Amino acid sequence: MSKPVIATASLAGCFGCHMSFLDIDERILDLIELVEFDKSPIDDIKKFSRPVDIGLIEGGCCNAENVEVLRYFRENCKILVSVGECAVMGGLPAMRNTIPLKECLEEAYLNSPTVAPEDRLIPADEDIPILLDRVYPCHEIVKIDYFLPGCPPSADLIWEALTALIQGRPLRLEYELVKYD
Amino acid sequence: MNYKKILQKYRKDRTRLIEILKEIQATEGYIPEKGILSVADELGLSRAEVEGVISFYHFLSARPLGKYVIYLNNSITAEMAGREKVARAWEQEAGCSFGQTSADGLFTLLETSCIGMNDQEPAALINRVVFTRLNPEKVSQLAGWMREGRAVEDMVEETGDGANNHQLVRAMVRNNIRKTGPVVFGDYSAGQAIRKALETTPEGIIDEVKKANLLGRGGAGFPTGLKWEFCRKEKGEQRFVICNADEGEPGTFKDRVILTERPEMVFEGMAIAGYAVGARLGILYLRHEYSYLRRYLEHVLQKMREQGWLGQNIAGRGFAFDIEIKMGAGAYVCGEESALIESAEGKRGEPRDRPPFPVQKGYLNLPSTVNNVETLATATQIIVHGANWFRSMGTPVSTGTKLLSVSGDCQKPGIYEVEYGLTIKELLEMVGAEDTLAVQVGGPSGNCISEAGFGRKICFSDLPTGGSIIIFNRSRDLFAVVRNFLDFFIEESCGWCVPCRAGNVLLKKKFEKIASGLGTVQDLKEIEAWGKIIKSTSRCGLGQTSPNPVLTTLSNFREVYESRVSKEADFIPEFDLNRAVAEACAITGRKFQEEQEHA
Ligand SMILES: Cc1cc2nc3c(=O)[nH]c(=O)nc-3n(C[C@H](O)[C@H](O)[C@H](O)COP(=O)(O)O)c2cc1C
Ligand code: SF4
Ligand code: SF4
């Protein structure tokens, strides 16, 4: 039997969730015995090469590209998991949601004291992904099957969730795994 | 402005903070920073504490308001009676929208939750004066007078029935008493009950009230005799009787009518409770919206003192008991007994953890019994006429009568005193309701009943209600009703518990998704699951009942929801990429084209 295939993406996140994933330390050796990786920043594969069993998403959606990547994942993954506060609720980037986009951009690119007068310009380059009106959690855009809370979720939680999914067994949610204070 | 003078008037009493702030606002139109600092300084509070109190209550404001502040009620019956047109008329007259003050500083337009006038909507408070049955023509007349600078009191042209006509009230409010019964509106001669009570022992009073099986009329239905007994047995240098006249549940207005027509009966009930529990002081906590009754009620209290029914030596039998009135400042949650106590102590009206219950640690952390207006009035009649008389009415468990405040789609909205055990069907006939789609029993926190449930009975074991009955006929959109109720809870949540503060917002969003036709069967399941979480993890009754508008309509009108959700799709996003990028495109001048295929 072939190994389950995994893919990961970082959308509007800080890569902290990926770093936390790597914090599984030497268990990474067990992991590569258990699964194969497809599209992911971890192996730098850019396109899906086959159907994927589990997709792990870090970060919510703050621009059109995030949305496209997320939809692309949904099309190619049997199970999609929101990993971390940003994916689950929008997280830190969503702090801009209470401020109109125009004001955000003006503050960042026109009025901020650190902007040199000659640089005052709201970027509009065609190559930059277009911003959304606000930051959206993933489940408002595609169907998400599972949610892992935490900023970031601990390596142990990610490991437990992943192995449970792979082995098709119920999650063992020890209190310590989802305790954040 | 001399803040010191106001503070001195209230003896720098911290429990009077809300009144102090109200008085500053009454003279200055708002509570300026200087006032906040001065009050904080004199009362030994932090600035944040004073600001926290101001920001908690709808009717306190730290920003300047117009000369005339129009608080237009936004309850569902107001909407049904044409509130929208009235609101637009105000906006046109004022030249500003709701939430704003007109450029000339004459008008401020604000929304407010139910002001207890559900049977005479659309209603508004202008400054502190009640105006009922507004329409666009009336609005332009009022606005004209305001431009002439007329005093708000002088804009009341016609006063209502009964004591609304009293020279100390002079309100256009109507009692609309449609059916009197033998208890609250039965034979009554003031002073009789307290005299009779003082001939018995306090334990005897408690026994009689227990025997009558009087259950609290404020909503929770706790046995009154037992509550008094707990309070009496609790150790404490002092005990208090608190009458809950906060009446904030949308659709309830019976306590207003009792206080207008039967105030002595309520005050006597407080004195009897005071005798039973061993209290010397009673507090009537009156909601701000009923400020127009205050002078009248003070007058009634004074008369009762003169007649020896209150004061140092009641009925010549050496029992001392007096009553003072404390005003709310606009917050539904202050009807919850522990929040009410916090508010009466001059704080933010945030519910306390319970236990300890108010009977153990209530007002000033001393044993207190909090009882509803109607409960206390009813207790008075039980003492006069006896427990057996009382038990001969109603059902074996739900003894006696209940005042219902009926509003919505019926010919005769108003107050009905009925025996417990009345079916919804009988009630609908009594009030002249036709073609009824739904009956909201117990207000937004209660139950929305469909025709299948019209045989059910109004009583504690079937359909309990604090008194609110709102009727909707088949021309009404159930979703508009639910929406209004959900908005109410979102607005009134005190914010302490995340499930109540945030959960209700998420619930509403999910509800709107379904309402807009983008719901799935999964969304319905989630609404139910989230509703359960909010109910089981919120600290007070507000959060514990806040999902009821959705949950009860979902169970009694499931087909209305199912007709709006997709049976096939397992996920429908509300998200629309083109709409979401429109703003950024406008700002940057870029055009967006969705990529068909991923690069
Ligand atoms: C959010 C909330 C609002 C309430 N509002 C009122 C009210 O306006 N009047 C009232 O008598 N009880 C109200 N109650 C119930 C009180 O907490 C308390 O049970 C009642 O005043 C006790 O009096 P009773 O035993 O005579 O009914 C409210 C409860 C909650 C949770
Ligand atoms: S959840 Fe926390 S760690 Fe993960 S991407 Fe967001 S900010 Fe970074
Ligand atoms: S349930 Fe709601 S209203 Fe009650 S204490 Fe919690 S947040 Fe406040």
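Me: Domain bounds come from an automatic or database domain assignment. Which domains does the assignment give for chain B?

Reply: Five stretches are listed for chain B: domain 1 (3–56), domain 2 (68–160), domain 3 (178–391), domain 4 (402–474) and domain 5 (479–566). The model is predicted, so keep in mind that local features need pLDDT of at least 70 and side-chain atom pairs pLDDT 80 or more, while totals for chains, interfaces and linings use all residues. Residues are numbered from 1 along each chain as written, chains are lettered from A and ligands numbered from 1 in the order written, and side-chain values use heavy atoms, without hydrogens or water.

Me: How far apart do domain 2 and domain 5 of chain B lie?

Reply: Their C-alpha centres are 30 Å apart. Contact (heavy atoms within 4.5 Å) links five residues of domain 2 of chain B with seven residues of domain 5 of chain B.

Me: What area do domain 2 and domain 5 of chain B bury between them?

Reply: Buried area is the accessible area (1.4 Å probe) lost when two parts are put together, summed over both. Here it comes to about 370 Å², with 55% on carbon and sulfur atoms. On the domain 2 side, Ile76(B), Glu79(B) and Ser113(B) supply 90% of the area buried against domain 5 of chain B, more than any other three residues.

Me: How many salt bridges and polar contacts go with that, and what is the residue make-up?

Reply: A salt bridge puts a side-chain nitrogen of Lys or Arg within 4 Å of a carboxyl oxygen of Asp or Glu. Between domain 2 and domain 5 of chain B the count is zero. Polar contacts (N or O pairs within 3.5 Å, one able to donate a hydrogen and the other to accept it; residues adjacent in sequence count only through side-chain atoms on both sides) join three residue pairs, both residues at pLDDT 80 or more. By class, the side of domain 2 of chain B that touches domain 5 of chain B has one nonpolar, three polar and one charged residues. Nonpolar covers Ala, Val, Leu, Ile, Met, Phe, Trp, Tyr, Cys and Pro; charged covers Asp, Glu, Lys and Arg; the others, Gly among them, are polar.

Me: Now the two chains. How many residues does the contact take from chain A and from chain B?

Reply: Chain A gives 29 residues and chain B gives 21 residues. About 2200 Å² is buried between chain A and chain B, 64% of it from carbon and sulfur atoms. Glu68(A), Ile130(A) and Lys143(A) supply 27% of what chain A buries against chain B, more than any other three residues.

Me: How many salt bridges does the rule find across the interface of chain A and chain B?

Reply: Two are found. In one of these, Lys509(B) pairs with Glu140(A), their closest N and O atoms 3.3 Å apart. Helices (H or I, at least four residues) and strands (E, at least two) are DSSP runs numbered from the N terminus. Those giving two or more residues to the chain A side are α3 (64–76), α5 (101–111) and β6 (131–136) of chain A. Of these, α3(A) gives the most, six residues. That side divides into 18 nonpolar, one polar and 10 charged residues.

Me: Is Arg16(B) buried or exposed?

Reply: Buried means under 20% relative accessible area, exposed over 50%, and partly exposed in between (1.4 Å probe, protein chains only). Arg16(B) counts as buried because its relative accessibility is 12%. Arg16(B) sits in the loop between α1 (3–9) and α2 of chain B. Leaving aside neighbours within four places in sequence, Arg16(B) is in contact with Tyr10(B), Glu324(B), Ile325(B) and Lys326(B).
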